[in-house]
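Welcome! Please take a moment with the sequence and the model below, and then we can walk through a few places in it together.

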Amino acid sequence: MNGQSVLIAGATGGLGCAIARNLAARGATLTLVSRQADKLEALDIPGDRIALDLRDPAACQQAVDFALGQTGKLDVLVNAVGVVAFGPVDELSVDALEELFMVNTFVPVLLAKAALGAMADGGVIVNISGVIAEQNLPGMAAYGASKSATRSFDEALTREARRRKIRVIDARPPHTETGLATRPVEGEAPKMGEGLAPDAVAGIICDAIAGTAKDLPSSAFS
Ligand SMILES: NC(=O)c1ccc[n+]([C@@H]2O[C@H](COP(=O)([O-])OP(=O)(O)OC[C@H]3O[C@@H](n4cnc5c(N)ncnc54)[C@H](OP(=O)(O)O)[C@@H]3O)[C@@H](O)[C@H]2O)c1
């Protein structure tokens with residue numbers, strides 16, 4: 001990864017931060033993006049930073065343009081942006097539904113679209129859909145659907161991007177102890193068993209980026 005230019009969206013999150021730290025240790029040059037500037041500044045990870053609300057299509061383009069401006073190229077995009085909501089569908093507000101699909105589905109599509117315009121042949125795009133994209137669960141139907149849509153997008157993008165030798169990795173880790181479930185946009189998390197360690201999940205994703213993997217099903221994390 002030495003000298004590779006990597007844009008990490010959601011770099012202040014549990015997984016984004018662990019991925020950023022791992023790739024920095026491998027010599028990558030990072031551009032770190034998330035919504036909150038103070039949290040970005042507080043990260044003890046080398047790299048340029050820009051605070052953007054990526055629900056705005058122009059912000060996704062701005063993130064890519066910023067990475068290009070700072071490093072002169074874009075080799076890898078890692079999208080670790082996400083939100084969760086819990087509860088039966090009839091109790092979920094329309095605002096929560098909109099937020100789930102904006103952040104978990106629209107942002108990956110917009111970021112990939114912007115990155116494809118900037119990325120050299122041979123690049124890598126990573127989206128983290130999650131194990132729920134393999135089997136959805138009651139109480140998480142809308143979250144799961146927003147993630148399945150991303151997995152479906154990745155499936156087709158993998159084939160579209162192949163002619164440019166751009167690898168698209170859809171990562172589907174199981175529950176991971178990042179605190180995501182304690183910060184739902186709505187509802188309350190059901191009781192969950194102990195999740196995986198963020199560093200372990202990040203390590204598997206970063207090995208895949210640095211290697212040749214084309215998909216990371218949930219079984220790759222067990
Ligand atoms: N944790 C799990 O169990 C698990 C399992 C499978 C898949 N995943 C997926 O992995 C990804 C990362 O999850 P995580 O557990 O690391 O969550 P997290 O710790 O809550 O991190 C989420 C990140 O998304 C950013 N973000 C949210 N809304 C944004 C917006 N509108 N614009 C820009 N950035 C925004 C946050 O930035 P700010 O801090 O600035 O708000 C934060 O950096 C998510 O897509 C999640 O669904 C997680």
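Leaving aside its neighbours within four places in sequence, which residues is Thr150 in contact with?

## About the model

This is a predicted model, in which local features need pLDDT of at least 70 and side-chain atom pairs count only at pLDDT 80 or more, while totals for chains, interfaces and linings use all residues. Residues are numbered from 1 along each chain as its sequence is written, and side-chain values use heavy atoms, with hydrogens and water left out.

## Thr150 and its contacts

Thr150 is in contact (heavy atoms within 4.5 Å) with Asn104, Thr105, Pro108, Asn127, Ser129 and Asp170, leaving aside its neighbours within four places in sequence. You can find Thr150 in helix α5, residues 141-162. Helices here are DSSP runs of H or I with at least four residues, strands are runs of E with at least two, and both are numbered from the N terminus.

Is Thr150 buried or exposed? Its relative accessible area is 3%, so Thr150 is buried. Buried means under 20% relative accessible area, exposed means over 50%, and partly exposed lies in between, using a 1.4 Å probe and protein chains only.

## Two loop residues

Ala85 sits in the loop between β4 (76-79) and α4, and counts as buried because its relative accessibility is 1%. Beyond its neighbours within four places in sequence, Ala85 is in contact with Leu92, Leu100, Gly139, Tyr143, Pro184, Val185 and Glu186. The C-alpha atoms of Ala85 and Ala142 are separated by 7.9 Å, although these residues are 57 residues apart along the chain.

Now look at Lys165, in the loop between α5 and β6 (167-171). Lys165 counts as exposed because its relative accessibility is 65%. Its phi is near 55°, a positive value in a residue other than glycine.

## Where α3 meets α4

Helix α3 (residues 57-71) and helix α4 (residues 94-116) have axes that come within 9 Å and cross at roughly 45°. Axes are lines fitted to C-alpha atoms, for helices over the stretch in contact, and angles run from 0 to 180 degrees between N-to-C directions. The two helices, α3 and α4, are therefore oblique to each other. For angles, under 35 degrees counts as roughly parallel, over 145 as roughly antiparallel, 65 to 115 as roughly perpendicular, and the rest as oblique.

On the α3 side, Pro57, Cys60, Gln61 and Val64 meet Val107, Leu110, Leu111, Ala114 and Ala115 of α4. The residues of this contact of α3 with α4 comprise eight nonpolar, one polar and no charged. Here Ala, Val, Leu, Ile, Met, Phe, Trp, Tyr, Cys and Pro count as nonpolar, Asp, Glu, Lys and Arg as charged, and the others, Gly among them, as polar.

## Where α1 meets α6

Helix α1 (residues 14-25) packs with helix α6 (residues 198-210) at an angle of about 55°, and their axes are 8 Å apart. From α1, the contact is made by Gly14, Leu15, Ala18, Ile19, Asn22 and Leu23, and from α6 by Pro198, Asp199, Val201, Ala202, Gly203, Ile205, Cys206 and Ile209. Ten of the residues in the contact of α1 with α6 are nonpolar, three are polar and one is charged.

## Cysteines

How many disulfides does a search of the whole structure find? It finds zero disulfides (pairs of cysteine sulfur atoms within 2.5 Å). Cys206 is in no disulfide, and the nearest cysteine sulfur, that of Cys17, is 11 Å away. Cys206 is buried, with a relative accessible area of 0%, and Cys60 is buried too, at 1%.
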